[in-house]
Amino acid sequence: MPRAVTLIRSAALSDVAEYAYAATAPAESRLIFLAGACPLNADGSTAAAGDYAGQALKAVENMEVALRAAGASLQDVISTRVLVASSRRQDLVTAWKIVRDSFGEHDVPSTLMGVTVLGYADQLVEIEAVAAVLDA
């Protein structure tokens, strides 16, 4: 199945970042704008309280559910923004590692941000994403 997303790399930019610096999608692609994926269980409770890695994993799982409902997958994501409720770089990196590993070779452009607070009780991680698909 052909994909709409093309990841762009530049030898002029550092290779330290674990993601492509840009991505494109053709004009005929359908864009999917996801709400922030939160680490919520089906009953609305926050999963993995106090656990940055556990919440990142649950947020990715919930993002995958939303993507499937829109006819897409992680391989169709064109960019992400990962929000982590912490001022400690170590906590951001813990969440980022889970998100990064979930995407594997499809290392989309991403922003990792430490924030003061997120919307749900005990919430530590939220992941925003945009995807692009080519409909048959």
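Helix H1 (52–69) and helix H2 (residues 89–103) pack with their axes 8 Å apart and at an angle of about 35 degrees. Axes here are lines fitted to C-alpha atoms, for helices over the stretch in contact, and angles run from 0 to 180 degrees between N-to-C directions. The model is a predicted one, in which local features need pLDDT of at least 70 and side-chain atom pairs count only at pLDDT 80 or more, while totals for chains, interfaces and linings use all residues. Residues are numbered from 1 along each chain as its sequence is written, and side-chain values use heavy atoms, with hydrogens and water left out.

**Helix packing**

- H1 and H2 cross in a right-handed manner; a crossing is right-handed if the near helix is turned clockwise from the far one by less than a right angle, and left-handed if anticlockwise.
- On the H1 side, the contact (heavy atoms within 4.5 Å) is made by Tyr-52, Ala-53, Ala-56, Leu-57, Val-60 and Met-63.
- H2 contributes Asp-91, Thr-94, Ala-95, Ile-98, Val-99, Ser-102 and Phe-103 to this contact.
- By class, the contact of H1 with H2 comprises ten nonpolar, two polar and one charged residues. Ala, Val, Leu, Ile, Met, Phe, Trp, Tyr, Cys and Pro count as nonpolar, Asp, Glu, Lys and Arg as charged, and the others, Gly among them, as polar.
- Helices (H or I, at least four residues) and strands (E, at least two) are DSSP runs, numbered from the N terminus.

**Nonpolar cores**

- A nonpolar core is a set of buried Ala, Val, Leu, Ile, Met, Phe, Trp, Tyr and Cys residues joined through side-chain atoms within 4.5 Å.
- The largest nonpolar core has 26 residues, and Met-63, Leu-67, Val-77, Val-99, Phe-103, Val-125 and Ile-127 are those with the most contacts inside it.
- At least two residues of this core come from each of strand S3 (30–37), H1, S4, H2 and S6, and H1 gives the most, with six residues.
- Ile-127 touches residues including Ala-35, Ala-56, Met-63, Val-82 and Val-99, not counting residues up to four places away in sequence.
- A second, separate core of five residues includes Ala-4, Ile-78, Val-130 and Ala-132.

**Salt bridges**

- The whole structure holds six salt bridges, each being a side-chain nitrogen of Lys or Arg within 4 Å of a carboxyl oxygen of Asp or Glu.
- Asp-76 pairs with Arg-3, their closest N and O atoms being 2.8 Å apart. Asp-76 lies in the loop between H1 and strand S4 (77–85) and Arg-3 in the segment before strand S1 (6–8), so the pair ties together parts 73 residues apart in sequence.
- Asp-76 is buried, at 2% relative accessible area, whereas Arg-3 is partly exposed at 38%. Buried means under 20% relative accessible area, exposed over 50%, and partly exposed in between (1.4 Å probe, protein chains only).
- Arg-81 forms a salt bridge with Glu-128, with 2.6 Å between the closest N and O atoms. Arg-81 lies in strand S4 and Glu-128 in strand S6 (residues 125–133), so this pair joins parts 47 residues apart in sequence.
- Arg-88 and Asp-91 also meet in a salt bridge (3.0 Å, N to O); Arg-88 is partly exposed at 45%, and Asp-91 is buried at 9%.

**Asn-62**

- Asn-62 belongs to helix H1 and is partly exposed, with a relative accessible area of 23%.
- Asn-62 touches Cys-38, Pro-39 and Leu-40, not counting residues up to four places away in sequence.
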